[in-house]
Amino acid sequence: MGGIIASAAKAFSLEDEKEPEKRPVVPGEVEKSIVLARSNLIRNQKKAAINLHRLASDSDHIRYLIVQEGGVVPLINMYKAKSSEVQEYCLRALGELCKSEKCRTRILENGGWIPMLEGLKSKHYAIREAAVVAVGCLAEFEEAQFKLVQEGAVPGILKFMAEDSRDDSLQQELKALKSLSNLALHEKNPLRIVRDGALEPLYDVVQSPLKTLQHKILAMEIISNLCRSDAIHRKLVELGDSTGLRRVVAMVGFYDDEVAMHAATAVEHLATNPLLAEKIVEEGALDPLKHILKTNKLGPVLRALNALIALARNSENQKAIARDNFIPKILKLAQVGAEEVEQRATMLLALLAQNNVNRPKIIFHGGFKPLMYNAQYGRTPELRKTSQEVLGTLFQLPGARRDALVRKAADKFKKSIAGFEPSAARRGASDSAAAGGRQRGAKGQISNAAALIFGKGGNDDESSSDDDGGGGRAGGGGGRGGGGGRRPRG
């Protein structure tokens, strides 16, 4: 019975699924394998290529030893052999060697990238797969990134990504995405990668229901890195709606927070171009960014704030952001307790306050408070300077508009105060308990009123601009705005 099971397992290759046990490296084995690799016999080359791949998979020490003993050149030369198996294991060995930082320089100097690029064009799938992995490992070396892209690595990787008919296509596609991600990190590569046609396949990965979330996140991260380059901004506009700016903006509304976070970063990079800032808002970027701000995750919120800051450097966008009712949410984030979020929210508020149209809304919602704090204690010089400049002009409004603002604030404040009643009286307790409750209720009124004025926003800003424009003078004075605005008059 046992023999039948063993033969069945062998027939269906179940035993081959087990990972081979790691063999220890015998002293002198590296040197013998390199000598064997210099042979012209296919049999010896095959044995040497397999051994060097196994040895290079061991550790950084063994990888460095192979390079020091001159194993790179024989591996490059063996790729010219007519055996596809020798070519495959040569590329796998080079890929393993590239995992060590000490080896990458020697591999690049000796032309180790040449067999990798030739492998991407091979008719054998195993060789192409080994070449994609090797390129990805070598592309972790910054000096190799530009060389690989200029010599034409991207078309081969994209072609490999398109081969989705295999059972393991998802795993193989992930290897291609990782290689492309490393290549996209170099500042000079994005334009060439876009010209080679990378955007459309990356969009398809993000939006395909057949890809895993890991694929989508990695593809969107690549798109975000490509958008860092000024060279492709105009290219995105030229590409049209199907592969251009509109499609990037649409990714901000993706259902997964991490994909949306990378899309928001792409919008931030694109918004640094003054010619694209207004167009991004016209394409509908504000609504999905507002949705991201409602999440409780620090990373996505920070990316959305950074994107809004980049957009808010445009005067038309400043009005559009305030018109979409962002100010109350920004004020909440400015007091959320996370230092980095508070600083970014205050910077965004300062940029919005540069526009005359937005100032009444900011004052009404209590927006001057974080500005006053950061004018003195802001973390960065830019934040302190911007806050000071905005405070200097925040209360400089026309008299009629300022008076109307004060009346609105006063009515809102009175309605809030009128809602407070002693809690004990509502419960219908005894006279003595009611008296005590009234006393406690009075204290509660004072406490809650103080919270309304000084803590929660929406009321104290109007009192600071009360009566004869005194608040305007106080606000213009920066630090004196807090004290002068709270002094009661008549």
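**View 1. E151 and K147 pair up through their side chains.** At 39% relative accessibility, E151 counts as partly exposed, a label for values between the buried class (under 20% relative accessible area) and the exposed class (over 50%), using a 1.4 Å probe and protein chains only. Its partner in a salt bridge is K147, with 3.7 Å from N to O. Here a salt bridge is a side-chain nitrogen of Lys or Arg within 4 Å of a carboxyl oxygen of Asp or Glu. K147 is partly exposed too, its relative accessible area being 33%. Before you move on, please note that this is a predicted model, in which local features need pLDDT of at least 70 and side-chain atom pairs count only at pLDDT 80 or more, while totals for chains, interfaces and linings use all residues. Residues are numbered from 1 along each chain as its sequence is written, and side-chain values use heavy atoms, with hydrogens and water left out.

**View 2. K279 meets E283 in a salt bridge.** The N to O distance for this pair of side chains is 4.0 Å. K279 has a relative accessible area of 33%, so it is classed as partly exposed. The structure holds 19 salt bridges.

**View 3. E140 reaches R104 across 36 residues of sequence.** The closest N and O atoms of this salt bridge are 2.9 Å apart. E140 sits in the loop between helix 9 (125-138) and helix 10 (142-150), whereas R104 belongs to helix 7, so the pair ties together parts that are 36 residues apart in sequence. Helices (H or I, at least four residues) are DSSP runs, numbered from the N terminus. E140 is partly exposed, with a relative accessible area of 46%, but R104 is buried at 7%.

**View 4. E109, E142, E143 and E187 form a patch of negative charge on the surface.** Asp and Glu count as negative and Lys and Arg as positive, with His and the chain ends not counted. Such a patch takes residues with over 30% relative accessible area and no salt bridge, joining like charges within 9 Å. The place of a charge is taken as CD for Glu, and accessible areas come from the Shrake-Rupley method with a 1.4 Å probe. One of the four, E109, is found in helix 7 (residues 101-109). E109 counts as exposed because its relative accessibility is 61%.

View 5. The structure holds 0 disulfides, a disulfide being a pair of cysteine sulfur atoms within 2.5 Å. For C98, the nearest cysteine sulfur is that of C137, 6.4 Å away. For C103, the nearest cysteine sulfur is that of C98, at 8.2 Å. C98 is buried, with 0% relative accessibility, and C103 is buried at 0% as well.

**View 6. L302 is a buried residue of helix 21.** Helix 21 covers residues 298-311 and includes L302. The relative accessible area of L302 is 12%, so this leucine is classed as buried.

**View 7. N325 shows a positive phi.** Although N325 is not a glycine, its phi is about 65°. N325 lies in the loop between helix 22 (315-323) and helix 23 (327-333). At 51% relative accessibility, this asparagine counts as exposed.

Notes: Patches are made of residues with over 30% relative accessible area and no salt bridge: like charges are joined within 9 Å, nonpolar side chains (Val, Leu, Ile, Met, Phe, Trp, Tyr) within 5 Å. Helices (H or I, at least four residues) and strands (E, at least two) are DSSP runs, numbered from the N terminus.
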